[in-house]
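Please keep the sequence and the 3D view open as you read.

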Amino acid sequence: MTEFLISVFKGTYPIFSVFALLVMIYRIRKRQWTMYETVLLLTFIVSFLLQIFQSLAGIRELFISRRYLLPFAPLVFGWSAWGLVELYRKLPVKWHKWALAAAGCFMLFLIWDGARSTIKSYTDKK
């Protein structure tokens, strides 16, 4: 069960989804949540659950590789982007350059994170 929960957590690409969840909570508390966001979130949840149930039906155990869940993760990236834009707008103007530099470093980290397994497969001595 622990392995399943870890793969589900990693399958939502937690770098974005945890922040997106915070933004969703913020938007609901501020009464900015829209019907379209509800439809998008329900699409994410239903797709996610259907993938898990498909795995249950196929191999008859509660296990799913994160690679099958990752395609649904971009459905929540919009909330992460919205939150970052709002944070940027609330920063004092003198900090905008630092925020853009941090965003550039974060993008480099994301590129490295995405390419890490491919690089490892080419450079591993095995």
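A word on the ground rules comes before the tour. This is a predicted model, in which local features need pLDDT of at least 70 and side-chain atom pairs count only at pLDDT 80 or more, while totals for chains, interfaces and linings use all residues. Residues are numbered from 1 along each chain as its sequence is written, and side-chain values use heavy atoms, with hydrogens and water left out.

Let us begin with helix H2, residues 14-29. Helices here are DSSP runs of H or I with at least four residues, numbered from the N terminus. From its first C-alpha to its last, H2 reaches 22 Å with its 16 residues, close to the 22 Å expected at 1.5 Å a residue; the expected span is 1.5 Å times one less than the number of residues. Which residues of H2 are buried? They are Phe16, Ser17, Ala20, Val23, Met24 and Arg27. Viewed down the axis of H2, these buried residues fall within an arc of 120 degrees, so they line one face of the helix. The arc is that of the directions from the helix axis to the C-beta atoms, and buried means under 20% relative accessible area, exposed over 50%, and partly exposed in between, with a 1.4 Å probe and protein chains only. On the face of H2 turned away from its buried side you will find the exposed residues Leu22 and Arg29. The buried residues of H2 pack against H3, H5 and H6, where contact means heavy atoms within 4.5 Å. Isoleucine 25 is also found in H2 and is partly exposed, with a relative accessible area of 43%. Its C-alpha atom is separated by 23 Å from that of leucine 69, 44 residues apart along the chain.

Now turn to helix H5, residues 77-90. Its 14 residues should span 20 Å at 1.5 Å a residue, and the end C-alpha atoms are 20 Å apart, which agrees. Trp79, Ser80, Gly83 and Glu86 are buried in H5. They cover an arc of only 130 degrees around the axis, which puts them on the same side of H5. The buried residues of H5 pack against H2 and H3.

Next come the charged pairs. Side chains of opposite charge can pair when their charged atoms come close. How many salt bridges does the structure hold? There are three, each defined as a side-chain nitrogen of Lys or Arg within 4 Å of a carboxyl oxygen of Asp or Glu. One of them joins glutamate 37 and arginine 27, with the closest N and O atoms 2.7 Å apart. This pair links distant parts of the chain, with glutamate 37 in helix H3 and arginine 27 in helix H2, ten residues apart. Glutamate 37 is buried at a relative accessible area of 11%, and arginine 27 is buried at 9%.

Arginine 89 is exposed, with a relative accessible area of 61%. In helix H6 (residues 96-123), aspartate 113 and arginine 116 are likewise three residues apart and separated by about one helical turn. Their salt bridge brings the closest N and O atoms to 2.6 Å apart. Aspartate 113 counts as buried at 16% relative accessibility, whereas arginine 116 is partly exposed at 42%.

Tyrosine 13, in the loop between H1 and H2, has a positive phi of about 50 degrees although it is not a glycine, and it counts as buried at 16% relative accessibility. Arginine 31 sits in the loop between H2 and H3. Arginine 31 is not a glycine either, yet has a positive phi of about 60 degrees; this residue counts as exposed at 78% relative accessibility.

Finally, let us visit the surface. Met1, Leu5, Leu42, Ile45, Val46, Leu49, Leu50, Phe53, Leu56 and Leu62 form a nonpolar patch there, with about 930 Å² of accessible area together. Patches are made of residues with over 30% relative accessible area and no salt bridge, joining like charges within 9 Å and nonpolar side chains (Val, Leu, Ile, Met, Phe, Trp, Tyr) within 5 Å; accessible areas come from the Shrake-Rupley method with a 1.4 Å probe, and for residues only the protein chains shown count as cover. Helix H3 (residues 35-59) gives the largest share of the nonpolar patch, seven residues, while leucine 5 lies in helix H1 (residues 2-11).

Notes
Helices (H or I, at least four residues) and strands (E, at least two) are DSSP runs, numbered from the N terminus.
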